[in-house]
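I keep these notebook entries as a record of what I looked up. Each entry takes up one topic.

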Amino acid sequence: MPFILRRLVFYVIAAWVALTLNFFIPRAMPGNAVEAIMSKFPGTLQPSAYRAIEAMLGIGHAGSIWHQYWRYLVDVSHFDFGVSSSQYPAQVSTLLGETIPWTLTLVGTATVIAFVVGTALGILAGWRHGGALDRTLPGLMFLQAIPYFFFALILLELLALKVHLFPVGEGYAGGLVPGWHWAFIGSAIYHSLLPALTIVLTSIAGWMLQMRNVMITTLGEDYVIAAQAKGLPSHRVIFTYAARNALLPQLQGFGLALGFVVSGALIMEIVFSYPGIGLLLLSAVSSDDFPLMQAIFLVITFAVLLANLIVDVVIVFADPRARVQEATR
Amino acid sequence: MTATMPVSTEAAVLVGQEAVPGRWRRMPTKAKVGAVLLGFFVLAAIIGPLVTPYDPSYQNPNPALSMAAPSAAHLLGTTQSGQDVLSQLLVGIRLTLELAVIVGVVATALSVIVGVAAAFLGGIWDELLSLFSNVFLVIPSLPLLIILLGYLPQKGQLATIAVLAALGWPWGARVIRAQTLAIRNRDFISAARETGESTWRILAFEIVPNEVSLIAASFVNTVLYAIGASVALAFIGLADLNSWSLGTMLYWAEGQDALQLGAWWWFVPPGLAVALMGTGLVLLNTGIDELGNPRLRDASSASRIAGRWLRPTDPTPVLAEVSQRRTGLAGFVHSFSRSSLLDETEAGDTL
């Protein structure tokens, strides 16, 4: 099987596992959405209201469990995630549609920037091993160990509240109508600068450290020494010989670490009241809105899986070894 | 979650390194700093709750003590409701570290079992176990943790430990599987088999002891993950909010606008504690990496030969290469410091 096809099968399996978990967790766990609503109005809601709430949320348990499972898969494939219990009668899919673009733009752009800059710095730190840049690593590790949301709060306090350099939270200035006009786009970009800065600063050290370590190992390889012995200019040795080979493990690491980075970014959105999925997740958690919570889990998982697939495609293009593997199979 | 991405890329393999006197001295600087930082927090976790100046939950009704700045009586100030921040911090460090260590132990045990089993059973079992771990590796854990904890009626310490441990093992399992595959066919394993040792004995006394450093690294990573995830979960309110952990401290501080009201003493200490613990763990892990892979060591482990820093892994310097590196003042003085022409040739130069 070609490399990409094999990876595709893997991601389909992973997606299926996520879907199945999502289906069975509510049925295996003690609490449920209906009880959560019932408990919020003790006394006022009669036990007979149970069925009514179930019907309202569209989670009535009709038929066998396998029948339900099948119905669920069909619904999800139509992006039908049911009705939000906290923002009734809004459809979960509508709520997701409103928030996904925000998160995707902010977290996507910032993560890619952090990865590119971190990798570039890692190349330099690995090349000048023990040099000035390399010595900043312990400091960067400290930045990386700070919880995202805590760092976000400190930045918010220092750069938005004390020095009025950036706006305090929200996705765009109040009074603007979202749309494709410059006033809105400019405002949205301005409001996303500080959240993006948070993501970049806290995640850059991880990419840098990883790339530096792989670089140092790669620089010890015979072919790099041979390239140097041939008298090739340093930049050619660094980028064409060492960095290109060190990039493959780095890209693979990128795919695997993406889940962590995205999760951190979600919590950070809460601090900035950024109108993305993270904020939606918080409101879902605080109001026990299980349909919404579960849909968010699915959306985030699928996004990470898709990003991983893209990384795999990039690897095939970047690394001849992956292509050779494909040809010889 | 916080920035707890797995940092360790190279698995440290230390076979047959005995603890010898002077080992501490030879440890990489990063590992030393990390160990000292962690030691400090472990100490705080052990003796902290015994020496708390106040009951962390006691709400002092005195209005002057609502969000009071640090003073002699309250070294880290007070919260909105007059609780002592230092006492909360000391109890919180204990609770957070306790949780993280238990999660670390349970999840690492799981990864050893899964990793070793996959490599040893081989065939379809290996494939299935690997698939299982890889699937859970790509599925983002925080949203899943949120759903699991969300459904649990009691979100106490035990529930958090259970869900964190249940999702914290795949990374370790993957690395340990790879390492087990690498040593499975070594001669000493064959020898053990030849002498009639049982599979269990081989696993417990031949394989696992040879993976101690790898298991240690995976433990450190898991503790890091557990701290980050538990603090993040508590921050969004998915924890027992009546107990004092670093995460719940941050939850209450954020909920009552501590930072906006200028009460930095309430907000900064727990966050800083999390960050410093995390830094300690990352440094320790980097140190473990460097022990196993000498190339990664920084210049501090180098020795100075004729004005040039050489790392242990650098090629042996050629004399000419060393002596040519006279720059600046040394080069200037060198131009007239020699007594004869013979003395100036490189071979005659003494190091």
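**Conventions.** I worked with a predicted model, in which local features need pLDDT of at least 70, side-chain atom pairs count only at pLDDT 80 or more, and totals for chains, interfaces and linings use all residues. Residues are numbered from 1 along each chain as its sequence is written, chains are lettered from A and ligands numbered from 1 in the order in which they are written, and side-chain values use heavy atoms, with hydrogens and water left out.

**Chain A.** I found 14 helices and 0 strands in chain A; helices (H or I, at least four residues) and strands (E, at least two) are DSSP runs, numbered from the N terminus. Of its 329 residues, 51% count as buried, where buried means under 20% relative accessible area, exposed over 50%, and partly exposed in between (1.4 Å probe, protein chains only). I noted an accessible surface of about 15,000 Å² for chain A, 70% of it belonging to carbon and sulfur atoms; such areas come from the Shrake-Rupley method with a 1.4 Å probe, and for residues only the protein chains shown count as cover.

**Interface.** The size of an interface is often given as the accessible area lost when the parts come together. I recorded that chains A and B bury about 5,500 Å² between them, 79% of it on carbon and sulfur atoms; buried area is the accessible area (1.4 Å probe) that two parts lose on being put together, summed over both. In chain A, A:F150, A:L256 and A:F260 lose the most area to chain B, together 12% of what that side buries. The contact (heavy atoms within 4.5 Å) takes 64 residues from chain A and 60 residues from chain B.

**A:D312.** I located A:D312 in helix α13 (residues 290-318) of chain A. Is A:D312 buried or exposed? It is buried, because its relative accessible area is 7%. Its side chain makes a polar contact with the side chain of A:R7 at 2.9 Å; a polar contact is a pair of N or O atoms within 3.5 Å, and within protein one must be able to donate a hydrogen and the other to accept it, with residues adjacent in sequence counting only if both atoms are side-chain atoms. Not counting residues up to four places away in sequence, A:D312 touches A:F3, A:I4, A:R7 and A:Y11.

**B:I47.** I placed B:I47 in helix α2 (residues 29-47) of chain B. B:I47 is partly exposed, with a relative accessible area of 43%.
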